[in-house]
Amino acid sequence: MIKHAVYPNLFSPLDLGFTSIKNRVLMGSMHTGLEEAENGFPRLAAYFAERARGGVGMIITGGIAPNIEGGFGAKLSTPEEAEDHRLVTDAVHEVDPEIKICMQILHAGPLAGTPACVAPSAIPSRIARLVPIELDEEGVQKQINDHVQCAKMAHLAGYDGVEVIGSAGYLLSTFLVEKTNQRDDQWGGSYENRMRFPLEIMRRCRAEVGENFILIFRIAAMDMLQGGMSWDEVVLLAQEMEKAGVTIISTHFTWHESTVPTIATMVPRAAFAGVTGRLRKELNIPTITSNRINMPDVAEQVLVDGHADIVSMARPMLADADLVNKAFEGREDEINTCIACNQACLDHTFAGKSVSCLVNPRAAHETILNYEPTANAKKIAVIGAGPAGMSYATVAAERGHNVTLFDTASEIGGQFNLAKQVPGKEEFVETLRYYKRMLEIHNVDVRLNSTVSAEQLKQSDFDHVVIATGITPRTPDIEGIDHPSVVSYIDVIHGNCEVGKRVAVMGAGGIGFDVSELIMHSGVSGAVDRDVFAKEWGIDFENHPRGGVTGVKPEIVKADREVYLLQRKSSPVGRGLGKTTGWTHRISLAQRGVKMLNGLEYHKIDDQGLHISTDGMPSVLEVDTVIVCAGQLPKRGLFDEITAMGLDASLIGGAFEASELDAKAAINQASYLAAAI
Ligand code: FAD
Ligand code: NAP
Ligand code: SF4
């Protein structure tokens, strides 16, 4: 067999004895919301088939519950339900019978969100509202039987295997950890007893489904809990799983209630792979590693380092269904890289919305949003090369329109050129690289440093003009707003102004948080240095105390500044940030000593500082710099001018709607409009 020149490990098959996997790339499990949506299975089939065509070796579906008490989503326990899944397995195997698709069995235990939820002990999770029902012996046996039945139905549905999740704070993991398992029967007490439930499930699944069915157990190799699993316990469980007939051990690195980020964009690439590597040395069966592995070179390096046998890339497969093919064909610069923002995937899952992807709105919408070749090619001008303009231009040009993209700036990207400078947002550079390449490939005529007037547009022969000129930062109407101590976030991020030692950040939206992070940082960003990341978040990768974090104090290197992050609303500061990442930003700033104040009124700014009042009580923040991050207004003057002249135009992105706008909304809106013109 000829080895791939650049990724010899990634593109080598893995022999499992009774079958093999054609390469080492796994699409990890992600709940899409389609599992329970009306008519969701045909959409799921299209979604997975597209990833199969993209060259992935193995797919794990989103979690499916074995019974009602275990689920916040779909369940599989009957042959009728298995029929739906046939659509998915057939779609993938029709693309390539060699591709393996396994279904994840997910019993959410105390996180199931139903009053019927169950657990080894009646101990609620820190992040759940409901107290779970403590299982009695009959209840334990029912849960085991239901898992086995679910695996049998997955077999019937044509899956090549199942992955059973034994991590994250879901049912199986709550048996393993003392704080959630306080039983004194055969299912609790000693570690041997606490392991019994997950082991019994896997043993009985193996007995029922036979030898030629892939069984994956997902283990919390580092559960990130104070008092969580010790390293010896992790190793023993994995070894016992091997004896129980498990084919592959997949490593996971968190419980949902942990306060350490493990997949957000501030986590360095492949930060946790070394933990899998240590476990791999203790086993004779293959291992899967995951978390923040978003490009093929990173995946190849993980394999070269001997950290795993298979690399899971979950969100990167939302961002680019063709990632594997592009790597194989040496088209890495065309990969639409996952920036780990969680904004359209996990944030949607936790809001009960169907999943998509910020950089690829087609993800999980393959039957709805398609970029078909146009039969009526138009000459289109796009004004503004921010995320909205870049995505409109790319999609329209891909469909065969003749597109010219203008920007007054000297580089494409708009506000992403600010975002990429925030520590923890380094990945945004990849999106800029992707669009630059797409604009080249689709022959968009990019005119930088170009100001186009309404008159010029009128004189030109464009069939359609798209205004994507973004925003203008809001200047609050406060006495002294023109005081020399007042600066804009744009100048701060670009380094065009001095920032003093005592700073007030006016406005605590996403940008206020980012600016506070930037000015409180010192030294290397944790997002690009694993040691810095580990110190900042109190993780001990070397000694692996319980959970990886027990007793480890975070060590923060911060700038010598005093920062106040301010908002007028009385709601908690940062409430509007992303559901699955907002807490990481709040903790990060709190650890850096940023004082977050809410419910206040601004009065004036003068030589003394910023005059405010809280509950009618006046005070002065004696700061030497006030950074205005008070939201944004649409910049749409050009649109008003050209439509008044009768030109055919549309308005997108921040220029269309600045409040509540983010890159997700901008790219989504632009892509749908460009698909329709
Ligand atoms: P813009 O990005 O503002 O682009 C507009 C473009 O138009 C600019 O390039 C500008 O030069 C050009 N232009 C303006 N006028 C003219 C003219 N007359 N002629 C030609 N060109 C013109 N969003 C997220 O979703 N997630 C994040 O994590 C995130 N982080 C951010 C961090 C920071 C620090 C900042 C500032 C923003 C962040 N955003 C984030 C917001 C996101 O970047 C914006 O929502 C998005 O850029 C809006 O896209 P847009 O194309 O509408 O506008
Ligand atoms: P924003 O989220 O709308 O926040 C603006 C802040 O300014 C608010 O906290 C608001 O709170 C305050 N404000 C509004 N009017 C004001 C006034 N007249 N005077 C003083 N304060 C005022 O906007 P943003 O921070 O500029 O961000 C722009 C967009 O980029 C947002 O949609 C955001 O989602 C996106 N973004 C996202 C991320 C991310 O991580 N997902 C990061 C950065 C930016 P009060 O009125 O209560 O004071
Ligand atoms: Fe990655 Fe963000 Fe897309 Fe989710 S929404 S897949 S985190 S780029």
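Me: Which ligand has an oxygen atom 3.3 Å from a polar backbone atom of P387?
Reply: That is ligand 1, one of whose oxygen atoms lies 3.3 Å from a polar backbone atom of P387. Please note that this is a predicted model.

Me: And what about D407, how far is its side chain from an oxygen atom of ligand 1?
Reply: An N or O atom in the D407 side chain is 2.6 Å from an oxygen atom of ligand 1. A further oxygen contact of ligand 1 involves the backbone, with an N or O atom of A468 at 3.4 Å.

Me: How much of ligand 1 does the protein cover?
Reply: On its own, ligand 1 has 990 Å² of accessible area, and the protein covers 90% of this.

Me: Which residues come nearest to ligand 1?
Reply: The shell holds 35 residues, and those that come nearest are Q343, D407, K425, G654 and A663. By class, 18 are nonpolar, eleven are polar and six are charged.

Me: Which helices each supply at least two residues of that shell around ligand 1?
Reply: They are α12 (387–398), α13 (416–419), α16 (489–494), α17 and α21 (663–676).

Me: Why does ligand 1 lie between domain 2 and domain 3?
Reply: Ligand 1 lies between them because residues of its shell come from both domain 2 (379–472 + 633–676) and domain 3 (476–522 + 558–630).

Me: Which residues come nearest to ligand 2?
Reply: They are R474, I511, R568, K569 and L661, out of 21 residues around the ligand. The shell divides into seven nonpolar, seven polar and seven charged residues.

Me: What is the distance from the K569 backbone to an oxygen atom of ligand 2?
Reply: A backbone N or O atom of K569 is 2.9 Å from an oxygen atom of ligand 2. Polar backbone atoms also approach ligand 2 oxygen atoms at G510, at 3.3 Å, and at G509, at 3.4 Å.

Me: How much of ligand 2 does the protein bury?
Reply: The protein buries 77% of the 890 Å² that ligand 2 exposes when taken alone.

Me: On to ligand 3: what surrounds it?
Reply: The residues around ligand 3 are R315, L318, C338, I339, A340, C341, N342, A344, C345, C357 and L358. Nine of the shell residues are nonpolar, one is polar and one is charged.

Methods:
Residues are numbered from 1 along each chain as its sequence is written. Chains are lettered from A and ligands numbered from 1 in the order in which they are written. This is a predicted model: local features need pLDDT of at least 70, side-chain atom pairs count only at pLDDT 80 or more; totals for chains, interfaces and linings use all residues. Side-chain values use heavy atoms; hydrogens and water are left out. A residue is near a molecule or strand if one of its heavy atoms lies within 4 Å of it. Ala, Val, Leu, Ile, Met, Phe, Trp, Tyr, Cys and Pro count as nonpolar, Asp, Glu, Lys and Arg as charged, and the others, Gly among them, as polar. A polar contact is a pair of N or O atoms within 3.5 Å; within protein, one must be able to donate a hydrogen and the other to accept it, and residues adjacent in sequence count only if both atoms are side-chain atoms. Accessible areas come from the Shrake-Rupley method with a 1.4 Å probe; for residues, only the protein chains shown count as cover. Helices (H or I, at least four residues) and strands (E, at least two) are DSSP runs, numbered from the N terminus. Domain bounds come from an automatic or database domain assignment.
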